[in-house]
Amino acid sequence: MAYDKFTVLSSTAVPLPIENVDTDQIIPARFLKATKREGFDENLFRDWRYNPDNTPKQDFVLNNPIYTGKILVGGRNFGSGSSREHAAWAIYDYGFRCVVSSFFADIFKNNSMNIGILPVTVSEGFLHQIFTAIENDPNTLIEINLDAQTIILVATGEKETFDINGYKKHNLMNGFDDIDFLHNIKSEITAFAENSPY
Amino acid sequence: MSNKPQTLFDKVWDAHVVKQVADGPDVLFIDRHFIHEVTSPVAFLGLKNRNVDVMFPEKTFATADHNTPTINQHLPVADVLSANQLRALEENSAKYGISHWGLGNPKNGIVHVVGPENGITLPGMTIVCGDSHTSTHGAFGCIAFGIGTSEVEMVLASQCIMQPKPKKMRINVHGSMGKGVTPKDVVLYIISKLTAAGATGYFVEFAGPVFESMSMEGRMTVCNMSIEMGARGGMIAPDETTFNYIKGREKAPKGEAWDNSLAYWKTLKTEEGSVFDVEYNYDGADIEPMITYGTNPGMGMGISQRIPTAEGMESGKVSYEKSLNYMGFDEDQPMLGKKIDYVFIGSCTNGRIEDFRAFASIVKGRKKADNVTAWVVPGSHIVEQQIKDEGILDILTEAGFELRQPGCSACLAMNDDKIPVGKYAVSTSNRNFEGRQGPGARTLLASPLVAAAAAVTGIITDPRTLIG
């Protein structure tokens, strides 16, 4: 599915300073019954966001109008658990383009990059700085430059660089995906398969 | 090729690299692809939109499991959305010529149970599925891991996925397992030591006498939960136990093909002197029956211990307290003696015949506690039949338990098997996340023996006190 190209993102951010946010929290299994990719954003963080009677939980950050933006900042080990890409879809469709954390679970990280979300891994210290900055001023602007691989707290100029491999960076900046790449090496795959023992 | 000693993981990985992308991932050829109803529909839509065919339909196998009822499977599925997903799987499989074991098919069951029991899973393969517990198949010396739906589409379209090669970890457990200790306890112990993120970025090899002495069922339980320590997957070198398990299974090689395969499979082990990025050593004697007390699988403890205190924790205090608060527990409390409400035995972690044998060994001659609702769910129809053939069903029935029909069931509670708000469930499944088994449900992960001990006493009980 096509996604928006990612180059430079300058936005306020939504803080979620909780560790081990697993994909069952991001989207509970009972909302995985669709056969199309639609409506998952409505159930993003469903059980943290809504009471059982579907009224919003006032103390949850997505229900607090002072926090907005295209960047979600999460605690350590974000996206652990199930491989459900629905978690990444829910985050993207809600309007986030970037998730920042000090540590991501592997599958979630892959899923994110495959659908156009940039996962930015920062140091524990810088993550703490970001949370503090947002706590002090919810309008804190964060700039993420994929080409330069930098994340900057705009007001103070504090910044870090982050890692991403050149292939994925190129894909995200151009809106490509892996199937485009694999399609172009089909003859190599066919040749490989002919020698497969299975 | 260098003469550097190679690990099992390197041998299998390197044998599947179609191409290396500069400053990028490896293109990895996939031998077996399992699909199920929940994570495949959008992948098939993607194929349709791109007007791309399935490249090797004979390498993909479909089974319905995540979202199926565990009673009255002969009736039409009442939930409209679930029924839609099941129909989509059936129609997509038919359209592209993919093997499909739907509801009612005698081969149907949980994907990670039916793959091995039908000989689809073989040593040295690369195996993927849109399900994180695909790591289960690593028990056969496979590189097996969970993928997202975009990757499911990728494998359907190209039989490949693009993955950076993970780092290597070896976990050795020496000695042997004590009384009442099962493979589930061994893996819960390891996760409690490493934490739920301790192996992220790594592929794990489990090695040493404790794993060597395990049955294939036990090894599958261990590899199944590799993902719960964050690992991409876990694997165990194939040996005589592996070969004996596979021989004669429906899709396993036969005759000359068997001999050739066996010769290759015997080479699949880590060579002396191989180097791992990180290595851990544990002793089987230190492991007792385990139970979790929190909301991630790393929050586990020996059943006779007390819940750890947050004191001295460098970070994560807030998350820790949030977790205990959700569970309704306090620091420094014992777990033994706590009243429980539900027991679930089943899932891709502990839904195989050996698990029901263990469960029945404690249940035999006892009665289900009145305060406990128990869901006994086999991993497949083949397991269900074994339960009947071995007389386990009679033991269960005599003790007041009912056997349900195969499926993922209360492990992720997509169907009606949901634990109610605030209730405590001792569960042989793999995740104790908030709401995993139903909104507000409180999950205590444990082995089939601990689950059985809780089911007959109504409280958390050390199974060693019930074993003769």
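Q: What makes two residues count as in contact?
A: Two residues are in contact if their C-beta atoms, placed from the backbone, lie within 7 Å. The model is predicted: local features need pLDDT of at least 70, side-chain atom pairs count only at pLDDT 80 or more, and totals for chains, interfaces and linings use all residues. Residues are numbered from 1 along each chain as its sequence is written, and chains are lettered from A and ligands numbered from 1 in the order in which they are written.

Q: What makes a stretch a helix or a strand?
A: Helices (H or I, at least four residues) and strands (E, at least two) are DSSP runs, numbered from the N terminus. For chain B the secondary structure comes to 16 helices and 18 strands.

Q: Which residues of helix α2 (residues 41-50) of chain B are called buried, and what makes them so?
A: A residue is buried if 20 or more other C-beta atoms lie within 10 Å of its own, exposed if 12 or fewer, and partly exposed in between, with C-beta atoms placed from the backbone. In this helix Pro41(B), Val42(B), Ala43(B), Phe44(B) and Gly46(B) are buried. The buried residues of α2(B) pack against α3 (80-96) and α5 (149-158) of chain B. After α2(B) comes Asn51(B), with a positive phi near 60°. In chain B, 59% of the 468 residues are buried.

Q: Why does the radius of gyration of chain B agree with that of a compact globule?
A: The radius of gyration is taken over C-alpha atoms, and the globule rule is 2.2 Å times the number of residues to the power 0.38. For 468 residues a compact globule would have a radius near 23 Å, and chain B has 21 Å, so the two agree.

Q: How many residues of chain A are in contact with chain B, and how are they classed?
A: 50 residues of chain A are in contact with 60 residues of chain B. α4(A) gives the most to the chain A side, with six residues. Ala, Val, Leu, Ile, Met, Phe, Trp, Tyr, Cys and Pro count as nonpolar, Asp, Glu, Lys and Arg as charged, and the others, Gly among them, as polar. By that rule the chain A side divides into 19 nonpolar, 15 polar and 16 charged residues.
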